[in-house]
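Trainee: Could you walk me through reading this one? I'm new to it, so please take it slowly.

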Amino acid sequence: MNYKTLHSFGEDEIIINKSRFIGYAKPIKDESEAIDFIEEIRAKHRDATHNVYAYVVGESNNIQRYSDDGEPSGTAGIPVLDIIKKEDLRNVVIVVTRYFGGVKLGAGGLVRAYIKGAKIGLDAAKIVDKNLFDIIKISIDYTLHGKVENSLMSKDFIIDRIEYDTEVNLIIMTEKERTNDLIDLIRDLTSDNFKSENIEEKYFSVIDGKIVK
């Protein structure tokens, strides 16, 4: 199943009416990682006025948690959680740290400020598509190498590497839904004179159709 999440840890900050808001965001594997991250940020900012958080865990966001951490109910944790859900993210934790600057923002102002704090954290962490790829080894005769490689590249299949022995072995990364198309293409190009081996399945981060590492 393909899904949206974050590429890596991200951090950014903004000043809103003299209050300092620091947005932290991170991809997580399970709830314990979310809790550990929240505690890490709390320890880092023991002197902060608030450390508001929200996180989701699971393929269908089975686990959803948030905390206003002392802000008026509904003005902080829920808006941060709503941003995660609006972006349709999976396995993500956000902490927005606030240092009060002396100017009260009001309920509406707090909601907008925590939404902004969450968004800058997400932007720093980079929202990505996590797509499932098949990594496949295709073995062909040397005489077919040029034709096959050119055709694969023209159709945007990713050749991770090429290994040479008695045959040419192309290690190809393809999104799972394109695997059958890849095999059909190789079959046509080689008149069914090839061998294939599915090496592994692996999720990769994708932005604008390109793998990011």
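**Surface, helix and core**

Mentor: Let's start with E197, which is partly exposed, at 43% relative accessible area; buried means under 20%, exposed over 50%, and partly exposed in between (1.4 Å probe, protein chains only). This is a predicted model, where local features need pLDDT of at least 70, side-chain atom pairs count only at pLDDT 80 or more, and totals for chains, interfaces and linings use all residues. Residues are numbered from 1 along each chain as its sequence is written, and side-chain values use heavy atoms, leaving out hydrogens and water.

Trainee: Which residue does E197 meet in a salt bridge?

Mentor: A salt bridge is a side-chain nitrogen of Lys or Arg within 4 Å of a carboxyl oxygen of Asp or Glu. Here the partner is K137, at 3.8 Å, N to O. E197 sits in strand 10 and K137 in strand 7, so the pair ties together parts that are 60 residues apart in sequence. Helices (H or I, at least four residues) and strands (E, at least two) are DSSP runs, numbered from the N terminus.

Trainee: Where do E39 and R42 lie?

Mentor: Both are in helix 1 (residues 31-44), 3 residues apart, about one turn of the helix. An α-helix has 3.6 residues a turn, so residues three or four places apart point the same way. E39 and R42 form a salt bridge too, with their closest N and O atoms 2.8 Å apart.

Trainee: Which residues of helix 5 are buried?

Mentor: T179, L182, I183, L185, I186, L189 and T190 are.

Trainee: What does the buried side of helix 5 pack against?

Mentor: Its buried residues pack against strand 7 (127-140), helix 4 (145-154), strand 9 (168-175) and strand 10 (195-207).

Trainee: Which residues touch the most other members of the largest nonpolar core?

Mentor: A nonpolar core is a set of buried Ala, Val, Leu, Ile, Met, Phe, Trp, Tyr and Cys residues joined through side-chain atoms within 4.5 Å. Of its 23 residues, V80, I94, Y114 and L122 touch the most other members. Helix 3 gives the most to this core, with 6 residues. Apart from it lies another core, of 16 residues, including I136, L185, I186 and L189.

Definitions and conventions. Contact means heavy atoms within 4.5 Å.
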